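Please examine the sequence and the model shown here before reading the report.

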Amino acid sequence: MGDIDGQPCRLTVCRGCCCGTKKKVPGVDHKAQLARLSAIDDHAGRTVPVRTSKCLGICFQANVVVVQPSRAGRTAGAAPVWLGEMTEDRLLDALDDWIFAGGPGLAPLPEVLADHVTSKNAKKPKKRKKPKKAKAAKKERKKAKERKAEKASRPSKKKDGEKRKEREKKKRKK
């Protein structure tokens, strides 16, 4: 079976809760980007199938595109390549050129895409921790606020003798 008879590369494009939304990735024409990806042809002149996914699970890397190798690429041992933060036209150009050259397993990954390779198991980077002094100060402010709220909710101050009498009355009732 020749290369032209095999399956071409396929793309899975995340377009769900985060990827493909102006809220998460502003300044990108997401519909045009999807149309552009849907128009990619491989070296045999076949249009690369594109499917959309509601969520691929690595939302912190929006927009995510998964490149499934062609049949020839899989035969050569290639695995799917996950690409994150695919938000610029130059990245789509590089992806188009890579797939035209054969894609995973048949052509080397373009250098411009190397920094965008990720995986379905990628972990969100941890936020930088604040210095401990800042945390202690925050706790102290919170406690002071709670004490102030507690004072404000107390009834007006009574003399010590009146308070004692009220406590004694409550004890007798029990």
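The report below covers the overall architecture, the backbone, the salt bridges and a charged patch.

## Overall architecture

The structure is a predicted model. Its protein chain contains six helices and five strands, and from the N terminus on these elements follow the order β-α-β-β-α-β-α-α-β-α-α.

Of the 174 residues in the protein chain, 30% are buried. The accessible surface amounts to about 12700 Å², and carbon and sulfur atoms contribute 52% of this area. Among contacts with a separation of 6 or more, 69% are between residues 24 or more positions apart.

## Backbone features

Most residues other than glycine have a negative phi, and most peptide bonds are trans. Two places in the backbone deserve mention against this background.

The peptide bond from A62 to N63 is cis, with omega near -5 degrees. N63 is located in the loop that connects β2 (50-53) and β3 (65-68).

E85, although not a glycine, has a positive phi of about 55 degrees. This residue belongs to the loop between β4 (81-83) and α3 (89-100). E85 is classed as partly exposed because its relative accessible area is 39%, a value in between the limits of 20% for buried and 50% for exposed.

## Salt bridges

The count of salt bridges in the model is four. One of them joins D93 and R36, whose closest N and O atoms are 2.3 Å apart. This pair links distant parts of the chain, since D93 is in helix α3 and R36 in helix α1 (residues 30-38), 57 residues apart. Both partners are partly exposed: D93 has a relative accessible area of 35%, and R36 has one of 28%.

Another salt bridge is formed by E88 and R90, with 2.7 Å between the closest N and O atoms. E88 is partly exposed at 35% relative accessibility, and R90 is likewise partly exposed at 45%.

E140 and R147 also form a salt bridge, in which the closest N and O atoms are 3.6 Å apart. The relative accessible area of E140 is 45%, so this residue counts as partly exposed. R147, at 48% relative accessibility, is partly exposed as well.

## A patch of positive charge

On the surface, K163, R164, K165, R167, K169 and K171 gather in a patch of positive charge. One of these residues, K165, is placed in helix α6 (residues 160-173). K165 counts as exposed because its relative accessibility is 56%, and exposed residues are those over 50%.

Technical notes
Residues numbered from 1 in each chain as written. Predicted model: local features only at pLDDT ≥ 70, side-chain atom pairs only at ≥ 80, totals over all residues. Heavy atoms only, no water. Patch = residues over 30% accessible without salt bridge, like charges linked within 9 Å, V, L, I, M, F, W, Y side chains within 5 Å. Areas by Shrake-Rupley, 256 points an atom, 1.4 Å probe, with all protein chains shown as cover. Salt bridge = Lys/Arg side-chain N within 4 Å of Asp/Glu carboxyl O. Lys, Arg positive; Asp, Glu negative; His and termini not counted. Charge placed at Lys NZ, Arg CZ, Asp CG, Glu CD. Helix = DSSP H or I, 4+ residues; strand = E, 2+ residues; numbered from the N terminus. Buried < 20%, exposed > 50% of the residue type's maximum accessible area, 1.4 Å probe, protein only. Contact = heavy atoms within 4.5 Å.
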